[in-house]
Protein chains: 2
Amino acid sequence: MTLSERNLIEHIRKNAATSSVNGLIKGIGDDCSVFGKSATGAWLVSTDMLVDGVHFNRKWHPPRLLGRKSIAVNLSDIAAMGGIPRFFLLSVSLPPQLSPEWLFQWLDGVSAMLSEYDCALIGGDTVTGKEMNISVTVLGEQHPSGVIYRTGAGEGDTVYVSGPLGSSAAGLEILKKTGGWDAARIQHTWEVLINSHLDPIPQVRLGQVLCASGSVSAMQDISDGLATDLSHICKESGVRAVIQEQRLPSLPVLDEVCQTLQLRRLDCILRGGEDYQLVFCVRRGSEKDLEEYVKKSGNFAIYPIGTIEKGQGVFLEGRKADRSEITFQGYEHLV
Amino acid sequence: MTLSERNLIEHIRKNAATSSVNGLIKGIGDDCSVFGKSATGAWLVSTDMLVDGVHFNRKWHPPRLLGRKSIAVNLSDIAAMGGIPRFFLLSVSLPPQLSPEWLFQWLDGVSAMLSEYDCALIGGDTVTGKEMNISVTVLGEQHPSGVIYRTGAGEGDTVYVSGPLGSSAAGLEILKKTGGWDAARIQHTWEVLINSHLDPIPQVRLGQVLCASGSVSAMQDISDGLATDLSHICKESGVRAVIQEQRLPSLPVLDEVCQTLQLRRLDCILRGGEDYQLVFCVRRGSEKDLEEYVKKSGNFAIYPIGTIEKGQGVFLEGRKADRSEITFQGYEHLV
C-alpha cells in the first residue's frame, strides 16, 4: 500500500477541524489557510517542505538561487489568494558535510528575496540531518479587497493563466540531461527555461491586482502542473473546466527544446509543474474590464485558455473540438 | 569549520529585519515571534523541526506518542509566552518504507493532542525523503493580559521552575541502555521518566495563569536544559541568575536511575533538556502573591530555585555557597 500525497492530505483534512474553531476563516483546502478575528484583519498562512534530491538537486542548483526559490515557492501561495506577504519562518535540516560557504550563499538568496518582497524572517529552526530539508512557512495579510479562494468558479467564467507554461519542466529536463548547469554545453537561448526552473518569479503583484479587480471568482498557483492545479479549482467550486490546446501559452524556445530532448510539449505545459504562474477564473461578462484593469495596473500579460462549464473535472479540447480528460494528471510526489 | 545551531541563528537574526516591519511586534529571539496590528489582537508563531535519529528514535518511540510529542514541543513554545494555542501546520518527510499503520497511529497521536488543546490543523505538506523529518508550526493568540517575553527579568526577581527536571533526559538514557521500551526489563517505577521523554506535557494552562498573574517578568520553556534556557532569559534581560543546587526539583526515582545507570544527576537536571517545564522570574516582592494566585488557579506546583542579580550569565550555587558558571551549558545540537 502506498499513500499518495493527495490521499494523505485528504485523511488529515477529514481529521482536521474545519469549522467553528475560534478565529479560523478557512482551513485546509486552498493555497493558504485564513485566520483572524475580523474580515478586514485576516492573515494567510501556508507551508512547504523541500527535500534535496526530490524537490531540488544541489548538483545543479546554485545555492543562492535555491535560497531565492525556497522563498518564492511560498510567496506564490500568498499570490494565489491575492495576499500581501509579510513574514517567513524557515527551518532547515543540514547534513554535516554541507560547507558554510554553501550555506551562507543560500542564506544570501533567502535574504535577497525577502528584501525584494518586503518580508521579514521571524522564526525558524536549524537541525542536523542526513539529507537537506527546507521547511518554509509564510504569513501574509489579506488584501483590502478580500481573499480569492478556489471555491468561487461558476458556469460561463473564463479561465486564464498569467504566463507561459512548461518552461520550468523543460528547464529541469535540460539540467537532468546535461548533468547540470554547463554553460559550454547549454545553448544560450535555452537559459530562459533553466532560469524558470532555478529562479522562478512568484506572481505576487499580479495576484493583488487580480484581487483588487473584483472580477476574479477563483484562483490558484500552478505548482503541480495546470492539469492538477485547475482540477483543485474545479473540485472546490463543483464545476468543470474545458481548456483549448491551441490557446495554452508557452515560450517559443520550448518547441525547439522538446524536439531536441524528445519531450512532449503538452506534457511540459499541462503536467510539468513549478511554473508558479497563476490560473484564475474571471466572471462571465467581466473579461474585457478585467483585461483592461490588468493592463492599466502594470506590465502584466494574461492569457484566456478556456471556459468553466457545469459538471466536474478538467478537459483538454484539441483542434477538432475533441475532448480528453486530464483531471489531476499533473505532477505528484508519490509517498 | 562547524556552525552550531546558535551561531547560525545569530547569523540569520542579524540578517533578519527586526523592527519597523509592518505588523511585527517581536521578531526572532524569543520562544515565539509576535505579530499583529494591535496590542490586543496579536498572534504568536513558532516552528520546530524534528529529525529521526536526532530528535527522536523510531526504534523506541511508539508512533502515537511521537505524534503527541510533535505537537507538544510547539505547544510548549506558546506556553512559554502565556499564549493560547489555536492552529497548527504540519509538514512531514516520509521515507518510502514507512508503513501506513505507523503513519496513521502517528496521525492519531497528533489528532488527540490537537483535540486536547482545542487546536485545529490548518495546513501542511507531505513529501518523500530518505529520513523522516517533522516540521511543526504553531499559531497562538496573545493572552488578554499580554505576552511574557524573555527580556523582562530584573535584579531581585526570584527564579522559579514549574516542575521536576531531568526526568526526560533520564528516561532517554533508560531507553538507550535497554535498546527500547521493553516492559520486562524496565522497572515499573522508572516508567514515569520514560513517559516524561516519550509523552511530555506542555505547561499551556500554567503559562496562561502566570501571564494573568501580572507578576512574571520573564519566561521561557525548558527544551534545551535549564542551564541553556535560563541563559537565554539572562542574555535577553541583561542580568545574571544564581540558582541553588539544593532547591532544584527532581523526581525521587531520578536518584536511583542515576546510580544504576551511572548518570550524573546534576547533568540530567541542568543539561538534559526536553522537560518542557517553564522557567520564569517573579518580580521582587510579588512571590507570595504569585504563589497564592497559582495555587488558587489550579493544581500547579511551582518551585523557587534562585535569584536574579546584576551581571550576566547563569551560576550554580552549591551547599557551601560556592559558585560555578553554567551559562549555555545545556543540550545543543551541533551542525
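## Ground rules

This is a predicted model, where local features need pLDDT of at least 70, side-chain atom pairs count only at pLDDT 80 or more, and totals for chains, interfaces and linings use all residues. Residues are numbered from 1 along each chain as its sequence is written, with chains lettered from A and ligands numbered from 1 in the order in which they are written.

Helices (H or I, at least four residues) and strands (E, at least two) are DSSP runs, numbered from the N terminus.

## The α2/α3 pair in chain A

Two packed helices are described by the angle between their axes and the distance between the axes. For α2(A) (residues 63–79) and α3(A) (residues 100–116), that comes to about 45° and 7 Å, with axes fitted to C-alpha atoms over the stretch in contact and angles running from 0 to 180 degrees between N-to-C directions. The two helices are therefore oblique to each other (under 35 degrees is roughly parallel, over 145 roughly antiparallel, 65 to 115 roughly perpendicular, and the rest oblique).

On the α2(A) side, the residues that meet α3(A) include A:Leu65, A:Leu66 and A:Ile71, and their counterparts in α3(A) include A:Trp102, A:Trp106 and A:Met113. By class, the contact has twelve nonpolar, four polar and three charged residues; here Ala, Val, Leu, Ile, Met, Phe, Trp, Tyr, Cys and Pro are nonpolar, Asp, Glu, Lys and Arg charged, and the others, Gly among them, polar.

A:Leu65 lies in helix α2 of chain A. It's buried, with 22 other C-beta atoms within 10 Å (buried means 20 or more such atoms, exposed 12 or fewer, partly exposed in between, with C-beta atoms placed from the backbone).

Setting aside neighbours within four places in sequence, A:Leu65 is in contact with A:Gly109, A:Leu198 and A:Asp199 (contact means C-beta atoms, placed from the backbone, within 7 Å). A:Leu65 and A:Met113 are 48 residues apart along the chain, and their C-alpha atoms are separated by 9.6 Å.

## The six-stranded sheet of chain A

Chain A has an open sheet of six strands, ordered β1-β2-β3-β6-β4-β5, with mixed pairing (strands pair if DSSP finds at least two bridges between them). β1 (24–26) and β5 (120–128) stand at the edges with a single partner strand each, so one side of each has no neighbour in the sheet. From one strand to the next, the twist averages 20°.

β4(A) (residues 84–94) pairs with β5(A) in the parallel sense over eight bridges. A:Phe88 has A:Leu121 as its bridge partner in β5(A).

## Strand β10 of chain A

Five of the five residues of β10(A) (residues 278–282) are buried, so the strand is largely enclosed by the rest of the structure. Both faces are covered: A:Leu278, A:Phe280 and A:Val282 on one side, A:Val279 and A:Cys281 on the other.

β7(A) (residues 158–161) pairs with β10(A) in the antiparallel sense over four bridges, with A:Val161 partnering A:Val279. β8(A) (residues 216–221) also pairs antiparallel with β10(A), over five bridges, and A:Met219 stands opposite A:Phe280.

## Strand β6 of chain B

Over in chain B, nine of the nine residues of β6(B) (residues 133–141) are buried. β3(B) (residues 43–51) pairs antiparallel with β6(B) over nine bridges, and B:Asp48 stands opposite B:Val136. β4(B) (residues 84–94) and β6(B) run antiparallel too, joined by nine bridges, with B:Ile84 opposite B:Glu141.

Notes. Two residues are in contact if their C-beta atoms, placed from the backbone, lie within 7 Å.
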